[in-house]
Every structure is written in structure tokens, then in C-alpha cells.
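Please look over the sequence and the model shown below before reading on. The report that follows takes up the annotated positions and then the confidence of the prediction.

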Amino acid sequence: MYHLLKGFHEYLTRKEEFSVIIIGLDGAGKTTLLEQIKTLYTDTPGLSPDKIAPTVGQNTGKIALPSTILQFWDLGGQRGIRNIWPKYYDDCHAVAYVIDADDRERLSEGWEVFDAVLSAPQILGLPLLLLANKQDSPHSLSVEEIRHDYEDWYQRKVENARRSVRYGEGDEMSARRERIASLEVMGISAIQGTGVRNAVDWLFLRVQNSRREPPKGSNNAGS
Ligand SMILES: Nc1nc2c(ncn2[C@@H]2O[C@H](COP(=O)(O)OP(=O)(O)OP(=O)(O)O)[C@@H](O)[C@H]2O)c(=O)[nH]1
Ligand SMILES: [Mg+2]
């Protein structure tokens, strides 16, 4: 009887676990965002910004939400270590791409890398959130400006490619256009926490409908 009740209780309190990767150029603010998420959603405050060093490898953090666990993977963004990102694509349920909206000089580098992420077949169809970070900075581009900057960059890329070699095939191009048109862009300040709850809410809602199933038998009751 005890086991029956225990099993029933575990079934009722079962939490599905979903993985979200946080990627973007070095210095975009990914680790600051992860630590802010820990502060907002767990009993243990995250590291303060002055304690955060550039990430070599990965940082992780787990938060519990209603009937759901979100596991975040913050991956280092330096040029030499970006090639580890695709190793996480097969198992993640959503992607948060962080862009430094205050660093105009590196925007095109940020879009170049973002474009490669968009074209990865493993994450096609997964929820993808573009976060325009550092909105606390007075010179930051707004969400609308960031969206336009990316669309302009993309348009230029397509036109340049037309003049030289072909850029993607017809179907691939239209899939990408659709993805860009439906792209969710949110403004945040990882350092101040502004907009971070909105971003987590969006990810929480979207992973439930992610085309990738949570791991079979994931049961994290009590964790
Ligand atoms: N003003 C401002 N600065 C921020 C914000 N978020 C991060 N920063 C600063 O940006 C710098 C880089 O932050 P990190 O969180 O280490 O960046 P990262 O994306 O993890 O970088 P890598 O680990 O190298 O990939 C630090 O000096 C942060 O304090 C923000 O919302 N506003
Ligand atoms: Mg980092």
C-alpha cells in the first residue's frame, strides 16, 4: 500500500525537465543572465556580476516551475569555443541567443554567428528567443532597432550572395524567412534583472509545446 501511495504521489508531483541553451558572442551577458535567473528563481543567489569571469566551457543552473524543471546551459561564446555549441543542439528543447545591444561594433559578428545557429537542422522548429541584452545602458539599441538591424543584415547577406554564389536552396530560404518573421525578440538587462522573468515565462510556455519530447521517465519530484 505504501508503495502504491508513494507511486501515486510521485506521479502527481512529477516534473518534466527541459533543457535550454544560452548562447551568443563572448561578453554578451549570458553568464550574468544565468546568475540572475538563479537569483530570481532559487533560494541560492547567483554570483554577483563582479565575480563572473569569461566562460571557458559551460555553466549550468536549474529552476523549478509549476510541473516543470528548466535546466539552463550557458555556453562560452569566445570564438575558439563556439564549436562546442552544436554538441548541445540534439538534446536541448529551446535556445536563447543573447546579443549585446550596446555593442554596435560587434552586431554583424553577432548576426553572422546567429545565422549559423538558425541554419542548424537540429534546432529547426525549436523555440528560439533573441534577447537584446544591456537595455539598462543609455546607448543600447531597442528591441525594434535590434530586429531591424538583423533584418537589414540578413537582406544584405542575401543580396551579396545572389551576386556571387547561391545562398541556400529555395526551401531552406523560405524556411529561414518564416523563422525570421516569427522570431521572438525581447529586451532584458541581465545585470538589473529587467525583462528576465518575461523571458523565462516565454521559454517555460514554449518548451511545453517543443517538438522534442522531454527525456522518457523524467521524474524530478523533490529536486
Ligand atoms: N550594462 C550591462 N552590462 C552587462 C549586462 N549583462 C552583462 N553585462 C556585462 O557584460 C560583461 C560580460 O558579461 P558575461 O555575463 O561574462 O558575458 P558572457 O556572454 O557570459 O561572456 P562569455 O562567457 O565570454 O561567453 C560583464 O562585464 C558584465 O558585467 C547588462 O545587462 N547590462
Ligand atoms: Mg559567460
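Helices (H or I, at least four residues) and strands (E, at least two) are DSSP runs, numbered from the N terminus. Residues are numbered from 1 along each chain as its sequence is written, while chains are lettered from A and ligands numbered from 1 in the order in which they are written. This is a predicted model, in which local features need pLDDT of at least 70 and side-chain atom pairs count only at pLDDT 80 or more, whereas totals for chains, interfaces and linings use all residues.

According to the unreviewed UniProt entry, the annotation "binding site" covers Thr 31 and Thr 55; such annotations, given here in the numbering of the model and with shortened feature names, may be inferred rather than shown by experiment.

The table sets out where each one lies.

| Residue | Location |
|---|---|
| Thr 31 | helix 2 (residues 30-41) |
| Thr 55 | loop between helix 2 and strand 2 (58-65) |

A residue is buried if 20 or more other C-beta atoms, placed from the backbone, lie within 10 Å of its own, exposed if 12 or fewer, and partly exposed in between. Thr 31 is buried because 25 other C-beta atoms lie within 10 Å, whereas Thr 55, with 18, is partly exposed.

As for confidence, pLDDT (the predictor's confidence in each residue, from 0 to 100) has a mean of 89 over the chain, but stays under 50 over residues 219-223. Where pLDDT is low, the predicted coordinates should not be read in detail.

Definitions and conventions: Two residues are in contact if their C-beta atoms, placed from the backbone, lie within 7 Å.
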